[in-house]
Amino acid sequence: MLGIDMLSILLSIVLLNLAYCNSSSTVKKLKDVLITVEYQPDSCESVAEDGDKITLEYSGYLESGVMFDSTSLPERGPLNFTLGTNTVIPGLERGVIGMCNGEKRKLVIPSHLAYGNQGYRTIPGDSTIYFDVQLTRLKKKSVLERTVNAVHFFFFPLTTSLIIFYLWQKMNIDDSNSVHSHPSAKKSKRGRRRGYH
């Protein structure tokens, strides 16, 4: 009986170790940011989107648990940036999209959305990194900014197309005039304008 209990305990330990190894290797092979919402306010009237100005408090950790950066350090302060401007690593931007003001999240960012194979300062290459983030300020893009962006988005290609179309027609008209007109006809027209005929 004692042998069977001991065998089941050993088998349980082996299975737990296998499950742990499989889960940690899954994190290493992430294709996108893994987001866990730790806290969300009861009232969430607007969420962070591209173009919004935000302020983040964060702490960043290596897989070993060693902290590599934090806004709580004396030489640092809150991180201010505009979403969608590539100011921070892509994984951090993806992890913040959709956050409410005051929300806290844990982010697991794979290396290809962080610092890649080259690493950065104390972060080795090909590192999955971990962030605890809190959105402390959210300033939505103004209606004027949204309107200007929409107009720019549609107006620029339209204007470019119209200019190209105008130049194309102008070239075709000039080509057809030069093919169909006779050199002597041009001279007689010039002569009439100058008062010779």
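Both Tyr58 and Phe131 are buried, where buried means under 20% relative accessible area (1.4 Å probe, protein chains only). The model is predicted, so local features need pLDDT of at least 70 and side-chain atom pairs count only at pLDDT 80 or more, while totals for chains, interfaces and linings use all residues. Residues are numbered from 1 along each chain as its sequence is written, and side-chain values rest on heavy atoms, without hydrogens and water.

The structure holds three aromatic pairs; rings of Phe, Tyr and Trp (its six-membered ring) pair if their centres lie within 6.5 Å, and planes over 60 degrees apart count as edge-to-face. Two of the pairs are set out below.

| Pair | Centre to centre | Angle between planes | Class |
|---|---|---|---|
| Tyr58 and Phe131 | 5.7 Å | 65 degrees | edge-to-face |
| Phe68 and Phe131 | 5.8 Å | 85 degrees | edge-to-face |

Tyr58 in strand β2 (residues 53-61) and Phe131 in strand β6 (residues 129-139) are 73 residues apart, so this pair links distant parts of the chain. Phe68, in strand β3 (residues 67-70), is 63 residues from Phe131; strands are DSSP runs (E, at least two residues), numbered from the N terminus. Phe131 is buried because its relative accessibility is 5%, and Phe68 is likewise buried, at 17%. Ring pairs join Tyr58, Phe68 and Phe131 into a cluster.

Tyr58 is also one of the residues nearest the centre of the largest pocket, together with Asp69, Arg76, Tyr115 and Tyr120; 17 residues line this pocket. A pocket is an open set of points on a 1 Å grid over the protein atoms alone, where a 1.4 Å probe fits, with protein on both sides within 12 Å along at least five of seven lines; lining residues have an atom within 4 Å of a point. The lining comprises 11 nonpolar, two polar and four charged residues.

Definitions and conventions. Nonpolar A, V, L, I, M, F, W, Y, C, P; charged D, E, K, R; others polar. Phe/Tyr/Trp six-rings, centres within 6.5 Å; stacked < 30°, edge-to-face > 60°. Helix = DSSP H or I, 4+ residues; strand = E, 2+ residues; numbered from the N terminus. Buried < 20%, exposed > 50% of the residue type's maximum accessible area, 1.4 Å probe, protein only.
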